[in-house]
Amino acid sequence: MPSVPVRTAAPAVAVGVGEQPKRFPYEDGTYAAQHLIHEMSPEEFNKMLGLPIKHRGSQAVHTG
């Protein structure tokens, strides 16, 4: 049986006293994409990018 990677806690985000970390901009697709482009490594970005493209293709078939 293949081993399943264990997800570790994300590192804490440095914020000032009384500040909340910024939440991911789910409501703004352009900003979300720019955030991922600048914050993810190229390898992880390329792995991630295939999933929404594949999802969009499968949606077109079901809604067609």
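**View 1. Arg-23 and Glu-27 meet in a salt bridge.** The gap between their side chains is 3.5 Å, N to O. A salt bridge is a side-chain nitrogen of Lys or Arg within 4 Å of a carboxyl oxygen of Asp or Glu. Arg-23 is exposed, at 60% relative accessible area. Glu-27 is exposed too, at 62%. Here exposed means over 50% relative accessible area, buried means under 20%, and partly exposed is in between (1.4 Å probe, protein chains only). This is a predicted model: local features need pLDDT of at least 70, side-chain atom pairs count only at pLDDT 80 or more, and totals for chains, interfaces and linings use all residues. Residues are numbered from 1 along each chain as its sequence is written, and side-chain values use heavy atoms, with hydrogens and water left out.

**View 2. Lys-47 forms a salt bridge with Glu-44.** The closest N and O atoms are 2.7 Å apart. Both residues lie in helix H2, which covers residues 42-63. Three residues separate their positions, about one turn of the helix. Helices (H or I, at least four residues) and strands (E, at least two) are DSSP runs, numbered from the N terminus. How accessible is Lys-47? Lys-47 counts as exposed, at 55% relative accessibility. Glu-44 is partly exposed, at 36%. A search of the whole structure finds two salt bridges.

**View 3. Leu-49 lies in helix H2.** Is Leu-49 buried or partly exposed? With a relative accessible area of 33%, Leu-49 is partly exposed. Look also at Ala-33, which is 16 residues from Leu-49 along the chain. The C-alpha atoms of Leu-49 and Ala-33 are separated by 9.9 Å.

**View 4. Over residues 4-12, pLDDT stays under 50.** pLDDT is the predictor's confidence in each residue, from 0 to 100. For residues 4-12, the model has zero contacts beyond four places in sequence. A contact means heavy atoms within 4.5 Å. Across the chain, the mean pLDDT is 77. A value of 70 or more is reached by 69% of the residues.

**View 5. The chain has two helices and zero strands.** How much of the chain is buried? Buried residues make up 5% of its 64 residues. The accessible surface comes to about 6,300 Å². Carbon and sulfur atoms account for 61% of that surface. Accessible areas come from the Shrake-Rupley method with a 1.4 Å probe; for residues, only the protein chains shown count as cover.
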